[in-house]
Structure formats: structure tokens, C-alpha cells
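I opened my notebook to get to know a new structure. Here is what I looked up, step by step.

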Amino acid sequence: MKVRDVLHRIPARLRFAAVAFLIYLGIFTLLRVAFWVLFRDTAPDVPRAHLVQAFYLGLKFDIRLTVWILLPFLLLGWWRLDPALRLGRCVWLAYLTAAISVCLVIYGVDFGHYEWVHSRIGVGVLEHCRQPGIALPVVWESYPIVRWTLA
């Protein structure tokens, strides 16, 4: 039996979800590696075992995040929003694009926050949202907003 025949037996929704899972996991893993490459000089003497453990925990987090993002698709895709239909495909591509956009913005803020303060983003960052008149000029001066937006 050919691989193509086996793949065609898998429902289109599951194939779509599997491809989306691999794409998201790949993006999140690349972002994690990029973070380490950009900021490895801030912690030059990290033992290899700690680095492996950190990447392992990061991979587990990325898998959970990807599953949570795909969960609405897996639950609602069986119902009315079938990705095999044009409307369903448009809805799910819009949803997945919005989800990855939000994740990329959060990762971008995390990169910039670490570069500026040398600590990962946390709940404390939300405190800055209470006074946007003060926080927005600081963000504009501290982060390369235009470059990130163009990227």
C-alpha cells in the first residue's frame, strides 16, 4: 500500500490539523532557538545539561500551546466549519493567522523586554497597561517597533 493511499484515508480535518501543528511547533521552536542565539552571551557558563533541560521544557510548553491553539479547530471543525469547504477553510486560516500573529507579538515583546531589562516577560508587564500614556512612549523609544512591524 502506498503512503499516498494511507494519507488519503485520514480525514482532511486531521491532515490539516497535523500540518498546522507541525508548522506552529516549528515556528515556536525556531523562536526559542533564536532567543537563545541572540541572548546566549548573557549567560555564557550555562551547563549543557541545563540547556538541554530548558529546551526540553520549552518544547513541552510549545506543544501545549500549539494544542491549545488547535483545540477550537479540532472541536468545531467536525461540526459546521469543515476546512474542506471554502467558508470553513477561510475561517480557520483567518483564526490560525490571528493566533500566530498574537503569539509573534508576545514573542517580540519578550525579546525586546529581555534585551532591555534582562528578564523574561511576566505578568508585571501588564501593570504598564494601566498607564498607557507613560508606557507607550517608553515602548516607542525602547523597541524597534517599525522594524518589527515591517518584519
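**Entry 1: the whole chain.** I began by noting that this is a predicted model. I counted helices and strands next, and found 6 helices and 0 strands in the protein chain. Read from the N terminus, the order is α-α-α-α-α-α.

**Entry 2: overall dimensions.** I looked up the box that the C-alpha atoms fill, and along the principal axes it is roughly 55 × 40 × 25 Å. The radius of gyration came out at 19 Å, whereas a compact globule of 151 residues would have one near 15 Å. I also checked the contacts between residues at least 6 apart in sequence: 70% of them join residues at least 24 apart.

**Entry 3: surface and interior.** Of the 151 residues, 22% are buried.

**Entry 4: helix α3.** I then followed α3, which covers residues 48–76 and has 29 residues. From its first C-alpha to its last, α3 reaches 43 Å, close to the expected 42 Å. Where does α3 bend? I found a bend of about 40° at leucine 70, with proline 72 following within four residues.

**Entry 5: the buried side of α3.** I listed the buried residues of this helix: Gly58, Asp62, Thr66, Ile69, Leu70 and Phe73.

**Entry 6: threonine 66.** Why does threonine 66 count as buried? Its relative accessibility is 0%, so threonine 66 falls in the buried class, for which the cut-off is under 20%. Beyond its neighbours within four places in sequence, threonine 66 is in contact with Phe21, Tyr24, Leu25 and Phe28.

**Entry 7: the nonpolar core.** The largest nonpolar core has 15 residues, and Tyr24, Phe28, Ile69 and Leu96 touch the most other members. I saw that α2, α3 and α4 each supply at least two residues of this core, and α4 gives the most, with 7 residues.

**Entry 8: isoleucine 69.** I finished with the contacts of isoleucine 69, again leaving aside neighbours within four places in sequence. Isoleucine 69 is in contact with Tyr24, Phe28, Tyr95, Leu96, Ala99 and Cys103.

Methods
Residues numbered from 1 in each chain as written. Predicted model: local features only at pLDDT ≥ 70, side-chain atom pairs only at ≥ 80, totals over all residues. Heavy atoms only, no water. Expected span 1.5 Å × (residues − 1). Bend = angle between axes of the 7 residues up to and from the residue. Buried < 20%, exposed > 50% of the residue type's maximum accessible area, 1.4 Å probe, protein only. Rg over C-alpha atoms; globule rule 2.2 N^0.38 Å. Contact = heavy atoms within 4.5 Å. Core = buried A, V, L, I, M, F, W, Y, C linked by side-chain atoms within 4.5 Å.
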